[in-house]
Protein chains: 2
Amino acid sequence: MENMEKDLLQTIADIRGFMPGSAFSLRKNGEGIERHSTEHVRINAKLDKPGIDIIVDANTVGESLHIPVILTDSGIKDVVYNDFYIGENADVEIIAGCGIHNDGCDTSQHDGIHTFHIAKNAKVRYVEKHYGEGNGSGGRILNPVTIIHMEDGAYAQMDMSQIKGVDSTMRKTEANLGPHAKLVINEKLMTHGKQTAHSDVTVNLNGEDSVVQIVSRSVGKDDSIQVFHPIAIGNNKSRAHIQCDSIIMDHAKISSIPEIAANHVDAEIVHEAAIGKINSDQLVKLQTFGLSVEEAEKVIVDGFLK
Amino acid sequence: MENMEKDLLQTIADIRGFMPGSAFSLRKNGEGIERHSTEHVRINAKLDKPGIDIIVDANTVGESLHIPVILTDSGIKDVVYNDFYIGENADVEIIAGCGIHNDGCDTSQHDGIHTFHIAKNAKVRYVEKHYGEGNGSGGRILNPVTIIHMEDGAYAQMDMSQIKGVDSTMRKTEANLGPHAKLVINEKLMTHGKQTAHSDVTVNLNGEDSVVQIVSRSVGKDDSIQVFHPIAIGNNKSRAHIQCDSIIMDHAKISSIPEIAANHVDAEIVHEAAIGKINSDQLVKLQTFGLSVEEAEKVIVDGFLK
């Protein structure tokens, strides 16, 4: 593996190679190039379309899976379907992520359609980082679709971040929660240059005592544009808390369009959103410690997105 | 004037007659039936379409105008255009409101299109109450449109409430704020039975240091449906604070879809929304004072909408 590829893997998945001994799949430039399973976590290539099935046996506890994707050739358009079947009472961590290195003038695009089936009382922590780099003029585009079905008592934490370098993203997330299911989504996003980022999240609280918590933090720099559209629908006795905070810089434009709907008398739904520039008191304070304006801004932005 | 008409006026405008000595217009069943002006506040019937022009001279301070509308015949469909011209440095109060008494089986509908031109440093407090009653099966429909243009340093407070008895309402409000303009909107809404209420509010913060504050409180009972869609757009150095709180009861459905957009680095926009049922601690506490569940609910709902 080239160093550039190892660096991409480091950035998006905190690894530098194939992770022998644990379940693993690496997709590169539209093809699966390495894949291995463990006794209780099987990763199988799909036969009918591009992508993999990830099957976690019931009661599998403590395993960590890595399924990174990298695009290093310019002009690749990759569409992949990954299905996750998490068995009852399992408790696993899944590290996904997509890195694009584009030195060419053609657009590189990865559209990952991920569907989670999380069985009764199973727990999943899913981490997904998106990142673009390279000196080419070709676009770096990521359009992730995430669909989550949660059975009775299931728990999922989705940590989804777009670090930098992604020119255009259209993210769609849909979750359907059964009784006592709990979903936590932590979204972090930074855009710069002329980048655009859209994120639509729809959570259907169908089961009694289902809970969702969404925390979205973003920073928009330069001439970038961000649009957030989270929707929480309480169809049963349920609770939802959505919080969107954005820092606006330079000539960026940021919109937040949360939608909360209570279709049941025992649905409790709260939303908070704020868009504003960097706190000037913090800026001044850091500058008195000897930091330049740019350094002080970086400290604040990094802390905000941490 | 019949007692029923006086009671309607009392409910929507806190008056029981024609208010001699102050600027006044009463519209009944689609026709202007009484209108008088003062030296500095002129109310003129429009010549080209139904409605009135309300012209407040510059520097007019302390005057109070009443422009109520009542519908007492079943089957009336009234569309009216009212234009308000508030002169520089004026400071006035405008009491509007529409009451429908429908004892028949035909729909009674009033669509009021109100346009405000608020000049430099002028101040307006506008109060509008909507109310329906009567024993007929005919619908009581109110579709108000309010357009507000605010010049440099203008101030407007809009207190808009729908008390009860309105079967269907589609409210649209649009405001365009100049520099240093401040708009305060207080919206109160109660729906019951099979009523539906939609409220769209769009505020364009175009001027430097313009400010908007929207506080919306609603109670949805029985099988009623409410949809709130406030939009604040910061196109300049500006501040917006939107707060929507709703109490859901019985089988009501309530949606809140606030949209906040910052198109300028110095736009500060905050939104908060919450939908939930009546606080059960408060209910229990009031019941320990000897109130029935229904009485305790009424105390809490009335306090919330006060």
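## Contact between chain A and chain B

In this predicted model, 29 residues of chain A are in contact with 29 residues of chain B. The size of an interface is often given as the accessible area lost when the parts come together. Here the area buried between chain A and chain B is about 2,200 Å², and carbon and sulfur atoms give 53% of that area. On the side of chain A, I260(A), V265(A) and I275(A) supply 23% of the area buried against chain B, more than any other three residues.

## Polar pairs and salt bridges across the interface

The rule finds 11 residue pairs in polar contact across the interface of chain A and chain B, with both residues at pLDDT 80 or more. Across this interface there are also 2 salt bridges. One of them joins the side chains of K277(A) and D266(B), at 2.5 Å from N to O.

## Elements on the side of chain A

Strand 21 (253-256), strand 22 (259-262) and strand 23 (267-276) of chain A each supply at least two residues of the side that touches chain B. Strand 23 of chain A gives the most, with 10 residues. By residue class, the side of chain A that touches chain B divides into 16 nonpolar, 6 polar and 7 charged residues.

## Relation of the two copies

Chain A is superposed on chain B by a rotation of 180° with 0.0 Å of shift along its axis, and the RMSD is 0.0 Å. The two copies are therefore related as by a two-fold rotation axis. In chain A, the C-alpha nearest the axis belongs to E272(A), at 2.2 Å from it. The same surface serves both copies, as 100% of the contact residues of chain A recur in chain B.

## Salt bridges over all chains

Side chains of opposite charge can pair when their charged atoms come close. Over all chains, the count by this rule comes to 32 salt bridges. Among them is a pair within chain B, where the side chains of K28(B) and E5(B) meet at 2.7 Å from N to O. This pair links distant parts of the chain, 23 residues apart: K28(B) lies in strand 1 (residues 24-28) of chain B, and E5(B) lies in helix 1 (residues 3-13) of chain B.

Terms used
Residues are numbered from 1 along each chain as its sequence is written. Chains are lettered from A and ligands numbered from 1 in the order in which they are written. This is a predicted model: local features need pLDDT of at least 70, side-chain atom pairs count only at pLDDT 80 or more; totals for chains, interfaces and linings use all residues. Side-chain values use heavy atoms; hydrogens and water are left out. Contact means heavy atoms within 4.5 Å. Buried area is the accessible area (1.4 Å probe) that two parts lose on being put together, summed over both. A salt bridge is a side-chain nitrogen of Lys or Arg within 4 Å of a carboxyl oxygen of Asp or Glu. A polar contact is a pair of N or O atoms within 3.5 Å; within protein, one must be able to donate a hydrogen and the other to accept it, and residues adjacent in sequence count only if both atoms are side-chain atoms. Helices (H or I, at least four residues) and strands (E, at least two) are DSSP runs, numbered from the N terminus. Ala, Val, Leu, Ile, Met, Phe, Trp, Tyr, Cys and Pro count as nonpolar, Asp, Glu, Lys and Arg as charged, and the others, Gly among them, as polar. Copies are superposed by least squares on the C-alpha atoms of residues with pLDDT of at least 70 in both.
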